[in-house]
Amino acid sequence: MKSLILLPALASLATAHYDLVFPEWRGDSFADDASQWIYPCANVTQEKSNRTLWPLDGGSVNIHMHHPWTYYAINLGIGTVEPALTVALTPELRNTTGNGTLCIPKLSIPAGLAKEGDNATLQVVTFDNMGAALYNCADITFSSKAVNPTDCKTEGVKEVIVGAEAANSTCADNADATGGAPTPTQSTGAASSVFGEGRVAGVLGAAAVVGLAMLV
Ligand SMILES: [Cu+2]
């Protein structure tokens, strides 16, 4: 049974993922020489740099999720050329379920961090329960003239702040609250082992889990 699912699972590794709608991403990370698996910015260079004006105290972020579920994080680096992405803007663990768009209306940045005209890079990271991560970046310029888009909408995606749920629930409830458990159609011996209910048969089993997580 495992061998039946393995090939399609591996074949799907390069498909889907997610795209960064706003701020406009640095470049198409689905292009031939790019890969969202590559840290820090999917191998998309700043050669054809485009920059989006973003408010001084933070602004909106709009992500199109293609996977059934994911965790995500957003980091910031101040600087023009490939700055170190050292400022974590989402210190809590965030989980989204569903295929659609996630709008973060205002992702705040620490007061005093950015001044008018500063260039910076926003890095969006999505990751699964195995730690496999996908990257996209957007280059921005902090500006008091920045205007947030009017079409930033959350549609088809449910977001849960995992830490907030954990504070109000038992451990057992918490596992459900992440939304990270495989759906019945995805459940296999390998997939359920992520949650301690079986044994993964080495690397191939692990690859199948990642492949399943990356489906759609
Ligand atoms: Cu994918």
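Begin by selecting Glu 82, which sits in the loop between strand 4 and strand 5. The model on screen is a predicted one, and in it Glu 82 has a phi of about 40 degrees, a positive value although the residue is not a glycine. Most residues other than glycine have a negative phi. With a relative accessible area of 40%, Glu 82 is partly exposed.

Is Val 87 buried or exposed? Its relative accessible area is 18%, which falls under the 20% limit, so Val 87 counts as buried. Show the residues around Val 87 and, leaving aside neighbours within four places in sequence, you will find contacts with Ile 74, Asn 75, Leu 76, Pro 110 and Leu 113. Of these, Leu 76 is 11 residues from Val 87 in sequence, while their C-alpha atoms are 4.9 Å apart in space.

From Val 87, step across to Ile 74, whose contacts, not counting residues up to four places away in sequence, include Val 61, Val 87, Leu 89, Ile 104, Leu 107, Leu 122 and Val 124. Ile 74 also belongs to the largest nonpolar core, a set of 26 residues in which Trp 54, Val 61, Ile 63, Ile 74, Leu 76, Leu 89 and Phe 142 touch the most other members. Which elements give two or more residues to this core? Colour strand 1, strand 3 (58-65), strand 4 (69-78), strand 7, strand 8 (119-127) and strand 9 to see them; strand 9 gives the most, with 4 residues.

Now turn to the loop between strand 1 and strand 2, where Pro 23 is found, and inspect the peptide bond from Phe 22 to Pro 23, which is cis with omega near -5 degrees. Most peptide bonds are trans. Select Ala 42, again in the loop between strand 1 and strand 2, and check its backbone: phi is near 65 degrees, a positive value in a residue other than glycine. Ala 42 counts as buried, at 0% relative accessibility. Asp 33, by contrast, is a residue of this loop between strand 1 and strand 2 that counts as exposed, at 58% relative accessibility. Asp 33 and Asn 43 are 10 residues apart in sequence, with a C-alpha to C-alpha distance of 7.3 Å.

The last stop is the cysteines, which form 2 disulfides. Select Cys 41 and Cys 137, whose sulfur atoms are 2.0 Å apart in a disulfide. This pair links distant parts of the chain, since Cys 41 is in the loop between strand 1 (18-22) and strand 2 (52-54) and Cys 137 is in strand 9 (residues 133-142), 96 residues apart. The torsion about their S-S bond is about -75 degrees, so this disulfide is left-handed. Cys 41 is buried at 5% relative accessibility, and Cys 137 is buried at 3%.

Then select Cys 103 and Cys 152, which form a disulfide with sulfur atoms 2.0 Å apart. Cys 103 lies in strand 7 (residues 100-108) and Cys 152 in the loop between strand 9 and strand 10 (158-161), so the pair ties together parts that are 49 residues apart in sequence. Here the S-S torsion is about 115 degrees, so the disulfide is right-handed, and both Cys 103 and Cys 152 are buried. Counting bonded cysteines along the chain, the disulfides follow the pattern 1-3, 2-4.

Terms used: Residues numbered from 1 in each chain as written. Predicted model: local features only at pLDDT ≥ 70, side-chain atom pairs only at ≥ 80, totals over all residues. Heavy atoms only, no water. Disulfide = S-S within 2.5 Å. Buried < 20%, exposed > 50% of the residue type's maximum accessible area, 1.4 Å probe, protein only. Core = buried A, V, L, I, M, F, W, Y, C linked by side-chain atoms within 4.5 Å. Contact = heavy atoms within 4.5 Å.
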